[in-house]
Amino acid sequence: MMIWKPCEKIFFSRTWVTGLSFLFFLFSTTDIFLSAAPHDENVSVSCVEENELAGEFPKRWLTSEARSKKLQEPVSLSWSHAPLRVSFTKFCRLQKIALVMDRRVNPELTVTQTFQNMSMIYLMRHALTVLEDPTHFTREPGGLYELSQIGDVLYVGPKPYVRKLQTLIYLQERKVPADARKIWMKKTVLTWEDFDRPRDILQKIAERYQIGVSNLKNVPHDLWWGNRLPEMTLTEQITLILGQFNLTYDVDSSGKMITIKPLNLSEITVTRMYPKDLEARLAEAKKVFGETEYYLKDNKLCVNAPVEVHQFLQAKKKSLEQINVGGFKSYVAASSAVKEGSLDTFRFSGMVKGPFFHILNELGRKGLSVQYDAQSMQDAGINPNVIISVEAKDFTAAELMREIARQGGCKLHVEGSKFIFYAK
């Protein structure tokens with residue numbers, strides 16, 4: 001089916017039909033660039049004007065410590081029915097932070113939200129939970145997409161994939177033969193132009209690193225926004241391209257040839273053995289990072305989990321604020337020391353700080369029964385982004401919840417072990 005829209009340059013990317021190439025239609029008042037093909041539910045929609053609206057690329061991206069510091073600096077902004085892809089891209093370019101939006105992110109989604117004195121990480125993560133679909137006049141279910149990073153590049157993509165992204169990169173790096181690791185760890189900038197095909201981008205990467213690629217034809221046809229990214233390793237560059245098509249690769253024994261293959265997310269896990277006395281800590285980690293399985297074997301814990309969980313278990317400090325999700329610290333910045341026994345014996349100590357709704361979500365993940373109707377609370381004027389800051393000193397769960405409700409501007413009803421937040 002052909003789609004016409006005057007006075008714009010539009011490209012609809014789909015699987016090619018044999019013998020069908022670009023069709024050009026020139027009119028005095030229009031500039032239309034279309035390609036047509038059979039329907040593909042995984043189609044991505046690209047538009048040159050959108051990339052232009054996102055602003056100029058900075059002369060130099062922030063990297064390493066400077067980038068980490070910038071991501072934690074408070075910012076304030078307001079979006080009203082703003083297209084997600086353009087808004088995120090423009091915001092990050094202004095902050096000199098490199099970003100890639102996965103091709104599977106719905107380009108029609110918008111965000112309406114005001115953020116006050118919130119770090120970039122909090123802001124972007126929260127925005128992904130309040131997306132709107134203007135084509136259906138509905139609010140998108142929260143949690144479809146998540147934020148992670150590949151090297152010094154922020155990455156927004158489907159949650160199931162993003163939650164495994166750090167582990168995928170970790171496992172791929174370990175597959176590289178020792179003799180080839182020097183070239184695979186060498187960092188180079190990654191760039192491509194508007195309407196470049198991902199298979200061509202991948203071919204250029206391979207030529208630059210002097211490696212061969214088998215099954216390149218398995219990379220579907222698509223045309224992408226142009227991008228300029230900071231230096232990345234070979235593993236990071238290949239994963240950034242292939243992962244968006246649910247593909248990954250094997251490396252041969254020489255390290256000079258890769259074979260593209262389908263990606264099975266269920267296989268992206270790390271298995272290690274730990275002392276049995278870490279079981280309580282492991283149970284806490286599972287509340288933050290659900291993709292974790294463990295069982296006893298020879299009186300030790302056999303843990304199948306994302307690499308972030310293993311990093312948490314191996315850290316000298318094992319409080320929950322140390323666990324990373326996608327390479328970033330958990331929303332609740334402080335630990336919650338939960339003692340054995342009934343709810344009345346729970347005690348919380350430390351600094352609990354972050355956006356209101358995210359605090360509630362994180363406490364729920366830690367095992368407390370937290371309930372609230374986000375839409376009705378926002379309709380009543382409650383700001384989901386107001387920063388909650390509680391310095392808890394041996395607080396009971398009820399004491400902590402009451403203080404959070406007070407700062408959030410709502411009421412709290414305690415029903416047995418349930419904490420129900422609602423508008424005044």
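**Close-up views of a predicted model**

**View 1. Strand β5 (residues 74–83) and strand β7 (residues 110–119) run antiparallel and are joined by seven bridges.** As with every view here, the picture comes from a predicted model. To find your way along this pair, look for Val-75, which stands opposite Met-118 of β7.

**View 2. Strand β7 also pairs with strand β8 (residues 131–133), again in the antiparallel sense.** Two bridges hold this pairing in the model. Which residue of β8 is the bridge partner of Val-111? Leu-131 is that partner.

**View 3. Helix α3 (residues 84–94) is the place of Ser-87.** Is Ser-87 buried or exposed? Ser-87 has a relative accessibility of 8%, below the 20% cut-off, so Ser-87 counts as buried. Its side chain reaches the backbone oxygen of Pro-83 at 2.7 Å. Setting aside residues up to four places away in sequence, Ser-87 touches Trp-79 and Ala-82.

**View 4. Helix α3 meets helix α4 (residues 120–127), with axes that come within 12 Å.** The two axes cross at roughly 175 degrees. Angles over 145 degrees count as roughly antiparallel, and α3 and α4 are therefore roughly antiparallel to each other. On the α3 side, the contact is made by Phe-88, Phe-91 and Cys-92. The α4 side brings in Met-120, Leu-123, Met-124 and Ala-127. How many nonpolar, polar and charged residues does the contact of α3 with α4 have? There are seven nonpolar residues, with no polar and no charged ones.

**View 5. Ile-150 has its place in strand β10 (residues 145–150).** Ile-150 has a relative accessible area of 0% and is buried. Leaving out neighbours within four places in sequence, Ile-150 is in contact with Tyr-155, Leu-165, Ile-169, Met-232, Glu-236 and Leu-240. Take Ile-169 from that list: Ile-150 and Ile-169 are 19 residues apart in sequence, and their C-alpha atoms are 8.3 Å apart in space.

**View 6. Helix α8 (residues 234–242) is mostly covered.** How many of the nine residues of α8 are buried? The count is nine of nine. Among the buried residues of α8 are Leu-234, Thr-235, Gln-237, Ile-238, Thr-239, Ile-241 and Leu-242.

How values were computed: Residues are numbered from 1 along each chain as its sequence is written. This is a predicted model: local features need pLDDT of at least 70, side-chain atom pairs count only at pLDDT 80 or more; totals for chains, interfaces and linings use all residues. Side-chain values use heavy atoms; hydrogens and water are left out. Helices (H or I, at least four residues) and strands (E, at least two) are DSSP runs, numbered from the N terminus. Buried means under 20% relative accessible area, exposed over 50%, partly exposed in between (1.4 Å probe, protein chains only). A polar contact is a pair of N or O atoms within 3.5 Å; within protein, one must be able to donate a hydrogen and the other to accept it, and residues adjacent in sequence count only if both atoms are side-chain atoms. Contact means heavy atoms within 4.5 Å. Axes are lines fitted to C-alpha atoms, for helices over the stretch in contact, and angles run from 0 to 180 degrees between N-to-C directions. Angles under 35 degrees count as roughly parallel, over 145 as roughly antiparallel, 65 to 115 as roughly perpendicular and the rest as oblique. Ala, Val, Leu, Ile, Met, Phe, Trp, Tyr, Cys and Pro count as nonpolar, Asp, Glu, Lys and Arg as charged, and the others, Gly among them, as polar. Two strands pair if DSSP finds at least two bridges between them.
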